[in-house]
Amino acid sequence: MGWSLPEPRPADPVLGDAASIAALGAALHRAAADVRHALDDLPPERLAVRRDRGRLAVLHARAVPVHESMDRTGARLTEHASELADAIGLARRLVDRASEAGLHVDGPTVSRRQGVHGLADPQREAGREETLRRLQRVLDAILMDLDTERRALRGALTSEHARVRRR
Amino acid sequence: MTSVTEQTDRNRPTGGVAAAAPAACTAADAAPDAPSPAAALRTLAVVLERASADLLAMVPFAGEHHTGHEIHRYVDEVSGTLRSLSADADDLHRAVLLAQHRTGQEH
């Protein structure tokens with residue numbers, strides 16, 4: 001009995017889950033607001049014992065930069081989720097257009113489909129080649145923009161990490 | 001996990017431990033509906049602990065290794081810091097309860 005393995009599914013040009021990034025951004029915002037409200041309800045002067053007031057003041061001093069950082073990072077991740085969703089949407093449309101033109105997108109590469117597809121037509125082949133180059137340029141631009149955005153996000157996260165690091 | 005409301009209710013002046021010694025509270029506690037300092041500290045500890053757990057439960061997928069690593073590193077750090085702050089708030093809560101208890105015994 002003859003059998004063959006199916007062709008492996010091509011890799012998506014843009015990986016990532018924008019919804020999960022947005023959810024983390026929202027969770028950071030929500031947690032920051034909860035912590036801020038809980039701190040606002042408890043100014044140090046409410047405590048009767050001076051030593052406890054001092055300890056609470058230290059707690060405030062440590063907690064405030066943390067919830068401020070969570071707020072900033074939440075906003076930054078929400079922004080990144082939007083950029084990622086845009087990139088995924090653009091890449092999907094590009095994959096559709098490539099497929100209509102008889103091309104194939106696997107990861108960051110647009111290529112011709114392997115095998116024989118109809119009769120040889122030099123004019124049509126030239127048009128397909130031009131479409132391939134154009135779509136590859138567009139895909140390169142999408143990926144480069146996303147890479148720039150990811151670098152900026154990593155820079156922001158590194159700075160925020162230093163601000164909340166436990167001492 | 002005990003909810004914030006449950007934790008707060010436990011320390012309300014109507015029947016919690018904090019109610020045993022109202023003498024330790026300052027004038028600011030006279031504000032209507034304001035939780036006692038001990039209750040507010042317990043709430044703070046629970047809010048911090050819950051925030052830490054909520055963030056750790058998130059599973060973001062950045063789609064790129066370095067970015068994913070940075071996100072997880074930040075979340076781990078924030079979560080650990082929140083947990084540490086929660087432990088401090090809880091310690092302080094116990095100290096305040098103890099002070100209230102002692103003050104109550106003196107009177």
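A: Between chain A and chain B, about 3800 Å² of area is buried, and carbon and sulfur atoms give 70% of it. Buried area here is the accessible area, taken with a 1.4 Å probe, that two parts lose on being put together, summed over both. The contact draws on 43 residues from chain A and 45 residues from chain B, where contact means heavy atoms within 4.5 Å.

Please keep in mind that this is a predicted model, in which local features need pLDDT of at least 70 and side-chain atom pairs count only at pLDDT 80 or more, while totals for chains, interfaces and linings use all residues. Residues are numbered from 1 along each chain as its sequence is written, chains are lettered from A and ligands numbered from 1 in the order in which they are written, and side-chain values use heavy atoms, with hydrogens and water left out. For the complex, the predictor gives an ipTM of 0.89 and a pTM of 0.82.

Now to the pairs that cross the interface. Between chain A and chain B there are 15 residue pairs in polar contact, both residues being at pLDDT 80 or more. A polar contact is a pair of N or O atoms within 3.5 Å; within protein, one must be able to donate a hydrogen and the other to accept it, and residues adjacent in sequence count only if both atoms are side-chain atoms. On the side of chain A that touches chain B, the elements giving two or more residues are α1 (18-40), α2 (50-100) and α3 (122-164) of chain A. Helices like these are DSSP runs (H or I, at least four residues), as strands are (E, at least two), and they are numbered from the N terminus. The largest share of this side of chain A, twelve residues, is given by α2(A). By type, this side of chain A holds 24 nonpolar, six polar and 13 charged residues. In this sorting, Ala, Val, Leu, Ile, Met, Phe, Trp, Tyr, Cys and Pro are nonpolar, Asp, Glu, Lys and Arg are charged, and the others, Gly among them, are polar.

Three salt bridges also cross the interface of chain A and chain B; the rule asks for a side-chain nitrogen of Lys or Arg within 4 Å of a carboxyl oxygen of Asp or Glu. One of the pairs in the model is R154(A) with E64(B), whose closest N and O atoms are 3.2 Å apart.

Two residues of chain B let you see the meeting place up close. E77(B) sits in helix α3 (residues 65-106) of chain B, and its side chain makes a polar contact with the side chain of H161(A) at 3.2 Å. E77(B) counts as buried because its relative accessibility is 11%; buried means under 20% relative accessible area, exposed over 50%, and partly exposed in between (1.4 Å probe, protein chains only). P35(B) lies in the loop between α1 (4-10) and α2 (37-56) of chain B. Its relative accessibility is 29%, so P35(B) counts as partly exposed. Leaving aside residues up to four places away in sequence, P35(B) touches R46(A) and A40(B).

Stepping back to chain B as a whole, you will find three helices and zero strands, in the pattern α-α-α along the sequence. Of its 107 residues, 48% count as buried. The mean pLDDT of chain B is 78, with 67% of its residues at 70 or more; pLDDT is the predictor's confidence in each residue, from 0 to 100. Within chain B, confidence is highest in α2(B), at a mean of 97, and lowest in α1(B), at 41. Residues 1-30 of chain B have pLDDT below 50, and this stretch has 47 contacts in the model beyond near neighbours in sequence.

Finally, a look at salt bridges inside each chain. Over all chains, the structure holds 17 salt bridges. In one of them, D71(A) and R36(A) meet at 3.0 Å, N to O. This pair links distant parts of the chain, with D71(A) in helix α2 of chain A and R36(A) in helix α1 of chain A, 35 residues apart. In chain B, the side chains of E70(B) and R73(B) form a salt bridge at 3.5 Å, N to O. E70(B) and R73(B) are about one helical turn apart because they are three residues apart in helix α3 of chain B.
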